[in-house]
Amino acid sequence: MASNSPAAASENLLDVRGLRKLFPIRGGIFSRIRGYVQAVDEVSFFIRRGENLGLVGESGCGKTTTGRLVLGLQKPTAGEILFEGKPVCRPDGRIRVNRRDMQIIFQDPYASLNPRMTVEDIVGEPLYVHGIASGRDLSDRVVQILDTVGLEPRYRHRYPHEFSGGQRQRIGIARALALNPKLIVCDEPVSALDVSIQAQVINLLEDLQAEFGFSYLFIAHDLSVIKHISSRVAVMYLGRIVELAGTEALYGNPLHPYTEALLSAVPIPDPTLRRKRIVLKGDVPSPINPPSGCHFRTRCHKVMPICSEIVPPFIEVEPGHFSACLLYGTGDAHGGNSPH
């Protein structure tokens, strides 16, 4: 993992440190705050230039909120987000983001495209808004971008309802590529597509990265997809990252009990082999009132009495392999070594 030296820090395109996001719960006549939803809790990670970081976890664990915070679409409650060494949030709380360098591909290709705009308008709008192209030059650029994502130029005059789900997602990818960004947040971009189409879109994303060299924060709940496209993987549970490692290390030797349980549910493409399934007991706790200590302790098959008393630090158990579990110690006074 990256060290604390300035040289190492400059290699990172994105640095997230101690990120928190609380959503207030209001009620009563005067809409007073009755509590908070702890959507993201002390999340830290980094993304190098040209790297894919997969962010995986159950629905409601805070993956999408983390992506929106990184893009500056929401203001964090606490923590720091650095893009190319510069903070995304100003000291006064205002968002400072270069929209040309950070883009997003949404989950639902049916809801993310304006049905009243043609493909040329959708893909060309970022170019026009940022003053990059207009008129015939804009039209030529749109044709070039559509060709890059595998869509015929004649499609540019059509509307979103005239396309299949896979084609719509290619339009969404084209829109994200229009400004030649450095970081693309992929918010479950293939979960709404058929399996055969998923493979095509994932291969397209890989080919585009090889050609243009941008980085991905790839959010998904499908472990097979994450394994295929990511170079490193962060596992998230109830607002916290519980394990982070290189893809081969995490899938070959999961350290956190939650990661073990997730991987035990992944089917093996061989009828002669059978994986020992770890069934998690109970339901995911409410983010309004999460358990004390380790958030995962109420469902963990390796729980210890101390797990209810101490918040497990995110420590480096093996070189480049981080885990937040008391099975590997309580860390030092500062919470152990972090990914930074």
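Helix H5 (residues 165-177) gives the largest share of the lining of the second largest cavity, namely three residues. The model is a predicted one, in which local features need pLDDT of at least 70 and side-chain atom pairs count only at pLDDT 80 or more, while totals for chains, interfaces and linings use all residues. Residues are numbered from 1 along each chain as its sequence is written, and side-chain values use heavy atoms, with hydrogens and water left out.

This second largest cavity has a volume of about 30 Å³, where a cavity is a set of points on a 1 Å grid over the protein atoms alone at which a 1.4 Å probe fits but cannot get out, and lining residues have an atom within 4 Å of a point. Its lining consists of Ile 104, Ile 105, Phe 106, Ser 112, Gln 169, Gly 172 and Arg 175, and the elements that give two or more residues to it are strand E6 (102-105) and H5. Helices (H or I, at least four residues) and strands (E, at least two) are DSSP runs, numbered from the N terminus.

H5 also packs against helix H3 (residues 119-129), at an angle of about 25° and with the axes 7 Å apart. H3 is therefore roughly parallel to H5, a term for angles under 35 degrees. On the H3 side the contact (heavy atoms within 4.5 Å) is made by Val 119, Ile 122, Val 123 and Pro 126, and on the H5 side by Ile 171, Ala 174 and Arg 175.

Key
Axes are lines fitted to C-alpha atoms, for helices over the stretch in contact, and angles run from 0 to 180 degrees between N-to-C directions. Angles under 35 degrees count as roughly parallel, over 145 as roughly antiparallel, 65 to 115 as roughly perpendicular and the rest as oblique. On a 1 Å grid over the protein atoms alone, a cavity is a set of points where a 1.4 Å probe fits but cannot get out, and a pocket is an open set with protein on both sides within 12 Å along at least five of seven lines; lining residues have an atom within 4 Å of a point. Grid points are joined across faces, edges and corners, and a volume is the space filled by probe spheres set on the points.
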